[in-house]
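Hi,

Here's the structure I promised to pass on to you. Have a look at it first, and then read on for what turned up.

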Amino acid sequence: MDNGSHKLSLGGRLTAGRINAAPFLGLLAIFAAGAALNGNMFLSLYNQLNVLGRNSIIALPAVGMTLVILTGGIDLSVGSMVSLGSVITAMLLMERGWSRSGFLMLPFLALITGSAVFGLTRRITSANHLGKLHLPLSFLTGAAAAAAAGLIMVPLIRSGFSVPAVLLCVPLAGLGLGAFSGFFIAKKNIQPFVVTLAMMSAVLGLSKTVAGSGGRIHPIYYDAAGTAGAVAPAGFAWLNSKIAFFGTELVPVTALFFLAAVIAVHLLLTRFRFGRYVYAIGGNEEAARLSGVKVDRIKIAVYAFSGWISALAGVLYCSAYAQGKPDAGANWELDAIAAVVIGGTSLSGGKGSVRSTLIGVLILGYLGNILNLQEVPGEVQDILKGVIILIAVLLQKGGIVQSVKKYIHRRKGEQP
Amino acid sequence: MKNSLLKVAVISICGAALLTGCRGDKKEGTYTIGFSQVTVKEPWRVVFNENLQKKAATYGDRLHLITLDANDKTENQVAHIETFILKKVDGILISPKEAAGCSAAIKEAMDAGIPVMVLDRNTTYKDYTAFVGADNLQIGKAAGTYVRDLLGGEGKASGIVYEICGSLASTPAQERRDGFHAVLDQEPGVTIIGGLDGDWKLDRGKAIAQDALQIHDDIDIIYAHNDPMAYGAWQAARELGKDKDIAFIGIDGLPGEGCQWVKNGILKATFLYPTPGEKALELMMDMLEGKLTIKRGESIHLPTATITADNVDEFLN
């Protein structure tokens, strides 16, 4: 989709309509407004890093949501995945021995590892023409892998999880649940709205069940004062820190996660076949199917990815706010959808990019920041956010840009 | 023509930047205090904010109070504190969502030299300036004592009490239950039954009472952990024609709810759960103006009050 545009300057690309100009100009306008209204306070490194660091967490589900929306779907369950991710993370880090989160994760990880290995060996063995042998062989290796994963998990659960273990394992719970949604959407042909609405409720319930006592908060402690004794590994706080260069804290770790996600998904969408298929399905699913695209697989993959990255956001949330709790991520699905839409990705699928989501996230983040700095009361902030979303969609449709263009055109035409 | 669109955008942005000037500098003897309220969805918190605004108005020009609503989200409260630090406010009041989430941000503000007072719910970080809040255990005990006296007095009380709890995952509900039980467990003649979770909601309280009143027809008192649930229980009893035989006791004593229901003879009594805003603002201003020093980390507990038909008019204004 970028072909040819690299020859033009940024301004040229904007006005030539190669990039949807409206969201980008909107971001510029909001940034300028922030600088104008609050000056150094808004522009200060402290403020910029805080806005970036904080919004990077909420931005991760928006990246997954972008892929889902590009296929013409929607994922309402991302907030609940964040919730589950934060609860499991806090419990795996803080508890020693068998808690509910351990009981949930063990079969989950065994199943996921097992089926991944099963799929892989089946592919390899069937390609090698092993005939009737290939199915039992795949089952065997899959089961072995599942058992191995379980065996690795047991000591981890007993001794408390390390930071890499949490980063690796917890998102897999989201992956599995997301794939489950994807299965019903792709194979059973139920509308994504309905399936993910059901998952939103069910996963939130699961999160509350795992948390215990109807939804307990699980705080993270780094020192033994005031706790039952167990503490989280100190490295977990690193996820919420800023990396220093030349003695100044410059890069929030959460922003690195967001940036990596954006770059990875951008490459996936522009450089790989997978990306072309995503656009094709969103554009015209039937046509994609008829031209040989494995629509079901792609769909399951995008919902699995959305669940995976949302649960990862849950891990980061847990670090940022030193707690895992069932109401973490409440309403984040709406924020994620808003960011995608403001960026200019079409809800009907097939049109948009992950770069625009980056812009949408920044617009929403700066907006909240500026309104806080301006001491705007909460109820007015809500109204303004609604207005901004509407304006963004209008701009996207070319409504305002078109009329400005027409106006300029008419003026030029009238002059002799 | 192609570049004109970009020009228009750039010019309008620059225009906007020029039009809005800088804001005025800080005046001597005036103080800016930032307040982060966790939510205004609950009636109690609306009254909390109203009382705080009223108190703030009494300081006139000496005080600029910034009130921000976090929409029930921890992450918004952290953003609020960061905003207050940026604005170099003179003091911060925060009524946090839960114990852990805001602790790091509160520490950051304290480290930046800004005094922070934590209101209503406590935080895991205790090295703040002060905590100001009501004591739910004391309120539970006050309710227990009142019920004991209603049922015959110390050592002689007898009767059946049905309890409807608030959200049992929350400490206020646990403390309102434990304080109540601490008093009445000493009375062999009193039986407390029920104890179901009504989640602070009127409709849940009503549903629980509907079921309970059909099983038990000898209930003397219904004690609910807040006024709306007590009112819901009363509605259920009235539909069954039993409202005259039972005394309904609630907690919170808000003017528009509990106090009105006491006034109307629906509730026998309610126990004031005082809003901490006024007291905290007063302490903060006194401290900033040098009239008072507070030991860092101090806990200031606000007293409750028993509101009955005799004194309800004092609380209705």
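Let's start in chain A, where α13(A) passes α14(A) in a right-handed crossing. Keep in mind throughout that this is a predicted model. The two helices, α13(A) and α14 (residues 354–373) of chain A, pack at an angle of about 115 degrees, and their axes are 7 Å apart. On the α13(A) side, the contact is made by Asp335(A), Ala338(A), Ala339(A), Val340(A), Ile342(A) and Gly343(A). Facing them from α14(A) are Ser356(A), Thr357(A), Ile359(A), Gly360(A), Val361(A), Ile363(A) and Leu364(A). If you sort that contact by class, you get eight nonpolar, four polar and one charged residues.

Helix α3 (residues 45–70) of chain A and helix α13 (residues 332–343) of chain A have axes that come within 8 Å and cross at roughly 65 degrees. Is that crossing left-handed or right-handed? The crossing of α3(A) and α13(A) is right-handed. From α3(A) you'll find Ile58(A), Ala59(A), Pro61(A), Ala62(A), Met65(A), Thr66(A) and Ile69(A). They meet Trp332(A), Asp335(A), Ala336(A), Ile337(A), Ala339(A) and Val340(A) in α13(A). By class, the contact of α3(A) with α13(A) comes out at eleven nonpolar, one polar and one charged residues.

Now zoom out to the domains of chain A. The domain assignment gives domain 1 (17–95 + 170–401) and domain 2 (97–159). Taken over C-alpha atoms, the centres of these two domains of chain A are separated by 30 Å. Ten residues of domain 1 of chain A are in contact with nine residues of domain 2 of chain A. Which helix gives the most to the domain 1 side? That's α7(A), with four residues. Both α4 (78–94) and α7 (163–186) of chain A supply at least two residues there. By class, this side of domain 1 of chain A has seven nonpolar, two polar and one charged residues.

On to chain B. Here the domain assignment gives domain 1 (31–128) and domain 2 (136–274 + 308–316), and the C-alpha centres of the two lie 32 Å apart.

For one pair up close, look at β4 (residues 116–119) and β5 (residues 130–134) of chain B: they run parallel and are joined by three bridges. In that pair, Met117(B) stands opposite Ala130(B) in β5(B).

Last, the confidence scores. Chain B averages a pLDDT of 89, with 91% of the residues scoring at least 70. Among its elements, helix α1 (residues 4–19) of chain B has the lowest mean pLDDT (50), while strand β8 (residues 221–224) of chain B has the highest (97). Over residues 14–24 of chain B the pLDDT is below 50. For the complex, the predictor gives an ipTM of 0.77 and a pTM of 0.83.

Cheers

Note on methods
Residues numbered from 1 in each chain as written. Chains lettered and ligands numbered in written order. Predicted model: local features only at pLDDT ≥ 70, side-chain atom pairs only at ≥ 80, totals over all residues. Pairing = 2+ DSSP bridges. Domains from an automatic or database assignment. Contact = placed C-beta atoms within 7 Å. Nonpolar A, V, L, I, M, F, W, Y, C, P; charged D, E, K, R; others polar. Axes fitted to C-alpha atoms, helices over the stretch in contact; angles between N-to-C directions. Left-handed = near helix turned anticlockwise from the far one by under 90°. pLDDT = per-residue confidence, 0-100.
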